[in-house]
Each structure stands twice: as C-alpha cells, then as structure tokens.
Amino acid sequence: MKPFRLITAGLLATAALTAAAQTTVKDPWVRGTVAQQKATGAFFSITAAQGGKLVSAASPVAGVVEIHEMAMDGNTMKMRALANGLDLPAGKAVELKPGGYHVMLMDLKAPLKAGESVELTLVVEGKDGKKETLAVKAPVKALGAAPMEHKH
Ligand SMILES: [Cu+2]
C-alpha cells in the first residue's frame, strides 16, 4: 500500500467528523421552577452551518419535551408545538427565548433550582435528511417567580 492512500483516508475521516458537527448551540439555560410547577422552558441560540431543522428534544428531567412557538390566537398569545420542527436557515443563529421559540419541558420530575444544570438532547435533521444529536448542558436560572403558563 502506498503512503499516499493512508493520508487520503485520514483527510476523509476528518471531513466526515466536521460535517457531523454542523450545528452549534450557544448560551443554553432553563427557567427555574417552583414546587408543584410541572412545566418550564429551555432556551438557547442554535446555528446549523448547512441548515436544517430542530426536530426533537429530550431531557432526563422531563417526561415530555416539545419544541414550541408563541403565536397570536385572536388577542391571546398562546404556545403551540411545532409539528414539523423548527427551521434553521444555513449559517443563521436562531434564538430560542422567552416569548418566542422555546423547548418546552413538561411533566417535570422535580423542581429545577437555580445553580443546577439540565441535560438536553437535541436532534437536528440536516437538509440531506441526516440526523445529528447534540448533548447540551443548560444551567438553571431563576428569573422572577412567575411560572411559565402553558396553554394550548
Ligand atoms: Cu411551550
């Protein structure tokens, strides 16, 4: 075998790894909860270099995790699940923040206190249909005491 072939194989492997990590998540956080509160939101900035969709999320702290948007329903702001996922335009940061897109953590197993951190698993589907899984650690922040209302 010629040494040249080995080098080529090495470069290809590196390229494959880079392609798999096309999505980056910045500044993740989760809104803290009070006793008896069963739902809260997780927020972050997400950028998919080649574009794609955030199709699902999971967390060990919640029984049900959905990707939500806020939308006007008549005169009321309501949340609803994005059935087809959240679009991520290529190279553009998409902000998930209070009052906008968020990852809804429901059926919480315990209250989330400031200082703790929550593990999130995000699944992004690329334009080519390939799925990428991202493990994110989001610190819990206590922002006011107002619990996040959940209406559908
Ligand atoms: Cu929600």
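**Exercise 1. Salt bridges**

How many salt bridges does the structure hold, and which residues form them?

*Solution.* The structure, a predicted model, holds two salt bridges.

Step 1. Arg80 pairs with Glu69, and their closest N and O atoms are 2.7 Å apart.

**Exercise 2. Accessibility of the charged partners**

*Solution.* The class limits needed are under 20% for buried and over 50% for exposed, with partly exposed in between.

Step 1. Glu69 has a relative accessible area of 15%, so Glu69 is buried.

Step 2. In the second pair, Lys78 is partly exposed at 25%. Asp73 is partly exposed as well, at 44%.

**Exercise 3. The copper site**

Which residues coordinate the copper ion, and what is the geometry of its site?

*Solution.* 

Step 1. The donor atoms are ND1 of His68, SD of Met79, NE2 of His102 and SD of Met104, at 2.0 to 2.2 Å from the copper ion.

Step 2. The angles among the four donor atoms run from 88 to 124°. For a tetrahedral site, all angles must lie between 85 and 135 degrees, so the site of the copper ion counts as tetrahedral.

Step 3. Along the sequence, the donor residues follow the spacing H-x10-M-x22-H-x1-M. Within this set, His68 in strand E4 (residues 62-73) and Met104 in strand E8 (residues 102-108) are 36 residues apart, and the pair links distant parts of the chain.

Step 4. His68 has 0% relative accessibility and counts as buried. Met104 is buried too, with a relative accessible area of 0%.

**Exercise 4. Confidence**

What is the average pLDDT of the protein chain, and where is the pLDDT below 50?

*Solution.* 

Step 1. The protein chain averages a pLDDT of 86, and 80% of the residues score at least 70.

Step 2. The pLDDT is below 50 over residues 15-19, a stretch with one contact in the model beyond near neighbours in sequence.

Note on methods
Residues are numbered from 1 along each chain as its sequence is written. This is a predicted model: local features need pLDDT of at least 70, side-chain atom pairs count only at pLDDT 80 or more; totals for chains, interfaces and linings use all residues. Side-chain values use heavy atoms; hydrogens and water are left out. Donors are N, O and S atoms within 2.8 Å of the metal (3.2 Å for Na, K and Ca); water is not among the atoms, so sites may look incomplete. Four donors count as tetrahedral if all angles lie between 85 and 135 degrees; four count as square planar and six as octahedral if opposite donors are over 155 degrees apart and all others between 65 and 115; anything else is irregular. Helices (H or I, at least four residues) and strands (E, at least two) are DSSP runs, numbered from the N terminus. Buried means under 20% relative accessible area, exposed over 50%, partly exposed in between (1.4 Å probe, protein chains only). pLDDT is the predictor's confidence in each residue, from 0 to 100. Contact means heavy atoms within 4.5 Å. A salt bridge is a side-chain nitrogen of Lys or Arg within 4 Å of a carboxyl oxygen of Asp or Glu.
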